[in-house]
Amino acid sequence: VSGAGLNGSVLAFDFGLNQTGVASGELEIGVAHPLTTIHANSRSARFAAIDKLIAEWRPRLLVVGLPLHPDGSEHEMTRAARNFAAELEARYTLPVFLHDERYTSAVVEDELRANRRGMAKSRHSVDALAAQLILQGFFDERATA
């Protein structure tokens, strides 16, 4: 997605089998914010929570973090994230973009440690902060394209 004048909200997901981090941002300003973490270990519970977020935020597009091995090769969670993205696209008829999420959770954990904030004291979970990094990376890549 590139081009001037595109605006509206975006939701990004750090997909996990039991927890899915969610971040929000605006296309026009390109700044991401952690939003929430969906705690659901079933497809129906996960999508019930996402339905509410889609209705509230009315995003123009969605971004899903794509987990890859350090060398860029795919693994089981890569396929799960691709399937999740395809289901989002089919269910909400919104464009869905995949964004490389290598190291996002590790970066978040390092930042929390460096800021001397225990993860229990953090206002947002690692998953929501990882989703924020995924979305910010998407915005930054878009700005330089």
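Predicted model: local features only at pLDDT ≥ 70, side-chain atom pairs only at ≥ 80, totals over all residues.

Student: Which parts does the pair of Glu 87 and Arg 43 tie together?

Tutor: Glu 87 sits in helix 2 and Arg 43 in helix 1, so the pair links parts that are 44 residues apart in sequence.

Student: And how accessible are Glu 87 and Arg 43?

Tutor: Glu 87 has 23% relative accessibility, so it counts as partly exposed. Arg 43 is at 46% and also counts as partly exposed.

Student: How many salt bridges does the count come to?

Tutor: The count comes to 3 salt bridges. One of them joins the side chains of Asp 51 and Arg 91, with 3.0 Å from N to O. Asp 51 belongs to helix 1 and Arg 91 to helix 2, so this pair ties together parts that are 40 residues apart in sequence. Asp 51 is partly exposed at 30% relative accessibility, and Arg 91 is partly exposed with a relative accessible area of 39%.

Student: What does the side chain of Glu 74 meet in a salt bridge?

Tutor: Arg 82, at 2.6 Å from N to O. Glu 74 is partly exposed at 38%, and Arg 82 is partly exposed at 34%.

Student: OK, switching to helix 2. How many residues does it have, and how far does it reach?

Tutor: Helix 2 covers residues 76-92, which makes 17 residues, and spans 24 Å from its first C-alpha to its last, close to the 24 Å expected at 1.5 Å a residue.

Student: Which of the residues in helix 2 are buried?

Tutor: Thr 78, Ala 80, Ala 81, Phe 84, Ala 85, Leu 88 and Tyr 92. Looking down the axis of helix 2, these buried residues fall within an arc of 165 degrees, so they line one face of the helix. The face turned away from that buried side carries the exposed residues Glu 76, Asn 83 and Ala 90.

Student: What do the buried residues of helix 2 pack against?

Tutor: Strand 1 (9-14), helix 1 (43-57), strand 4 (61-66) and strand 5 (96-100). Helix 2 lies across strand 1, strand 4 and strand 5, and runs at about 170 degrees to strand 4. Helix 4 (residues 126-144) also packs on the sheet, where it touches strand 1, strand 2, strand 3, strand 4 and strand 5. The direction of helix 4 makes about 40 degrees with that of strand 2.

Student: What's the strand order in the sheet?

Tutor: It's an open sheet of 5 strands in the order 3-2-1-4-5, with mixed pairing. Strand 3 (31-39) and strand 5 are at the edges with a single partner strand each, so one side of each has no neighbour in the sheet. On average, neighbouring strands are turned by 25 degrees against each other, direction ignored.

Student: How many bridges join strand 2 to strand 3?

Tutor: 8 bridges, and strand 2 (residues 19-26) and strand 3 run antiparallel. Gly 25 stands opposite Ala 32 in strand 3.

Student: Last topic, backbone angles. What's phi of Arg 58?

Tutor: Near 45 degrees, a positive value in a residue other than glycine. Most residues other than glycine have a negative phi. Arg 58 is in the loop between helix 1 and strand 4, and at 69% relative accessibility it counts as exposed.

Student: And where is Thr 93 found?

Tutor: In the loop between helix 2 and strand 5. Thr 93 has a positive phi of about 45 degrees although it is not a glycine, and it counts as exposed at 70% relative accessibility.

Methods. Residues numbered from 1 in each chain as written. Heavy atoms only, no water. Helix = DSSP H or I, 4+ residues; strand = E, 2+ residues; numbered from the N terminus. Expected span 1.5 Å × (residues − 1). Buried < 20%, exposed > 50% of the residue type's maximum accessible area, 1.4 Å probe, protein only. Arc of directions from axis to C-beta. Contact = heavy atoms within 4.5 Å. Pairing = 2+ DSSP bridges. Axes fitted to C-alpha atoms, helices over the stretch in contact; angles between N-to-C directions. Salt bridge = Lys/Arg side-chain N within 4 Å of Asp/Glu carboxyl O.
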